[in-house]
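Student: I have a structure open and would like to go through it with you. Can we start with the overall layout and then move to single residues?

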Amino acid sequence: AEGSVSMWYLSLKKLISNTTEITFIRKMCFSFLAPCNIPVKRGRIFYNGQKIWVERLPNNRMLHAENVAFYCMNKEKQCGYPVLTQCIDGTVLIPSCFEEPSRPYYTLMYRSLPSEIKQC
């Protein structure tokens, strides 16, 4: 995979059969691509199988190739819907339909956010 390095290492597992000792060698891939910081302070996201508030994302960070969904509003139908995006080498693109709520709206009217209302 691009940005990954294949490395060989000796496993600690050994197979001992009669007088023969075999040490297994395994191939592992390590990724050195940058994690992403979420550039949004207020809102709800769908991450790792659960809906969470952005500020509760551990260290405001997600790993390379992880997915996250931001909730957008369909104003015509008055319903919310998730839009998937992905962390790619340190960059996560926020969907253009996502609107970060103002602090007062987020604090007082959070039940009206696209993530909290009826989904389309």
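**Layout and contacts**

Tutor: From the N terminus on, the elements of the protein run β-β-β-β-β-β-β-β-β-α. Keep in mind that this is a predicted model.

Student: How many helices and strands is that in the protein?

Tutor: One helix and nine strands.

Student: And what share of the residues counts as buried?

Tutor: Of the 120 residues in the protein, 27% count as buried. The exposed surface comes to about 8700 Å², and carbon and sulfur atoms supply 55% of that area.

Student: What about contacts between residues at least 6 apart in sequence: how many of them join residues at least 24 apart?

Tutor: 49% of them do.

Student: OK, the inside. Which residues have the most contacts in the largest nonpolar core?

Tutor: That core has 15 residues, and those with the most contacts inside it are Ile38, Val40, Ile45, Tyr47, Met62, Val68 and Phe70. Two elements give two or more residues to the core: strand S4 (44-47) and strand S7 (67-74). S7 gives the most, with three residues.

Student: Pick Val40. What does valine 40 touch?

Tutor: Leaving out residues up to four places away in sequence, valine 40 touches Val54, Phe70, Ile94, Phe98 and Glu100.

Student: Switching to rings. How many aromatic pairs are there in the whole structure?

Tutor: A search finds three aromatic pairs.

Student: Where do tryptophan 53 and tyrosine 110 sit in the chain?

Tutor: Tryptophan 53 is in strand S5 (residues 50-53), and tyrosine 110 is in the segment after H1. They are 57 residues apart, so this pair links distant parts of the chain. Tryptophan 53 is buried, because its relative accessible area of 15% falls under the 20% limit. Tyrosine 110, at 32% relative accessibility, counts as partly exposed.

Student: And why is the pair of phenylalanine 70 and phenylalanine 98 called edge-to-face?

Tutor: Their ring planes stand at 65°, with the centres 5.2 Å apart, and planes over 60 degrees apart count as edge-to-face. Phenylalanine 70 lies in strand S7 and phenylalanine 98 in the loop between strand S9 (91-92) and H1, so the pair ties together parts that are 28 residues apart in sequence.

Student: On to the surface. Which residues form a nonpolar patch there?

Tutor: Tyr105, Leu108 and Met109, which together have about 320 Å² of accessible area. Tyrosine 105 is in helix H1 (residues 103-108) and counts as partly exposed, at 34% relative accessibility.

Note on methods:
Residues are numbered from 1 along each chain as its sequence is written. This is a predicted model: local features need pLDDT of at least 70, side-chain atom pairs count only at pLDDT 80 or more; totals for chains, interfaces and linings use all residues. Side-chain values use heavy atoms; hydrogens and water are left out. Patches are made of residues with over 30% relative accessible area and no salt bridge: like charges are joined within 9 Å, nonpolar side chains (Val, Leu, Ile, Met, Phe, Trp, Tyr) within 5 Å. Accessible areas come from the Shrake-Rupley method with a 1.4 Å probe; for residues, only the protein chains shown count as cover. A salt bridge is a side-chain nitrogen of Lys or Arg within 4 Å of a carboxyl oxygen of Asp or Glu. Helices (H or I, at least four residues) and strands (E, at least two) are DSSP runs, numbered from the N terminus. Buried means under 20% relative accessible area, exposed over 50%, partly exposed in between (1.4 Å probe, protein chains only). A nonpolar core is a set of buried Ala, Val, Leu, Ile, Met, Phe, Trp, Tyr and Cys residues joined through side-chain atoms within 4.5 Å. Contact means heavy atoms within 4.5 Å. Rings of Phe, Tyr and Trp (its six-membered ring) pair if their centres lie within 6.5 Å; planes under 30 degrees apart count as stacked, over 60 as edge-to-face and the rest as tilted.
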